[in-house]
Every structure is written in structure tokens, then in C-alpha cells.
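The structure is shown first.

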Amino acid sequence: EVQLVESGGGLVQAGGSLRLSCAASDFSLEHYAVGWFRQAPGKEREGISCSSRSDGRTYYADSVQGRFSISVDNTNNSLYLQMTNLKPDDTAVYSCSATPDYLMPPAGCSDLGWYDYTFWGQGTQVTVSS
């Protein structure tokens, strides 16, 4: 079964670091556009990072620019989100996502929207204490 499974969430103090993992099964991330999203209580889902070969670029939300980094390990067929200098406002459920490259528009994922993705993980909770 095609799946994305997140792990690595937890409780961390402000200023700390955390790395989220997203393991893919029954498909290869090598041929997929990928993204990370988050949703805090009472807030709308926010795209925080994505990478697509449609335009060959990687994007980050202003709120995480310089602090978060997205990467793919093709050997492990996993997607990662390295988070540093975490802030209480980063508290949210984080979800990974993927979609075949050919389904991504030529503009890629520059708008950080959630609507272009076909596969989603179940989410992992990240809580940053003050």
C-alpha cells in the first residue's frame, strides 16, 4: 500500500532542534514532488516547505526561512524536515506529502499550497515550550 509515515515529533524547548522523518513505501520519492505542512489548533493548514522538479526549486515559508530544511534520502526512500531554533509558534501537527512529478504544474510548488498533493502522512505532533 502506498504510504507516508511521519515520525520524530515531540516536546522541545524554544531554541531547540528536531528532525522529522517521513518514510515512503510502495513508491519511490525520487520521482515525486514533496512537501511539509503544519496545522496548529484553530489555524488553517500552512505549507512550510516543498520541492519539485517542475521548476527545479525548493521553497520555504517566510515563517521558517533560515530555520527549517527539507531533504530527501533516496537510499532510505525518506523525506526529512530538519528544524532548528524552534519557537512556540512552531507548535503544530506536521504532515508530509508527495505527488508524482508529472502531476505538479509547471509553476511547481511555489505557492506552498496543499491541493497539488496526492499522498499524505498521518501527521506528527511538535510542541515547543516557552
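## Secondary structure

The protein chain contains zero helices and eleven strands, where helices (H or I, at least four residues) and strands (E, at least two) are DSSP runs numbered from the N terminus. Along the sequence, the pattern reads β-β-β-β-β-β-β-β-β-β-β.

The model is predicted: local features need pLDDT of at least 70, side-chain atom pairs count only at pLDDT 80 or more, and totals for chains, interfaces and linings use all residues. Residues are numbered from 1 along each chain as its sequence is written, and side-chain values use heavy atoms, with hydrogens and water left out.

## Dimensions and burial

Taken along the principal axes, the C-alpha atoms of the protein chain fill a box of roughly 40 × 30 × 25 Å. Of the 130 residues, 45% count as buried; buried means under 20% relative accessible area, exposed over 50%, and partly exposed in between (1.4 Å probe, protein chains only).

Among contacts (heavy atoms within 4.5 Å) with a separation of 6 or more, 63% are between residues 24 or more positions apart.

## Positive phi values

Asp26 is located in the loop between β3 (18–25) and β4 (32–39). The phi of Asp26 is near 65 degrees, a positive value in a residue other than glycine. Asp26 counts as exposed because its relative accessibility is 56%.

Asn77, in the loop between β7 (68–73) and β8 (78–83), also has a positive phi, near 50 degrees. With 17% relative accessibility, Asn77 counts as buried. Most residues other than glycine have a negative phi.
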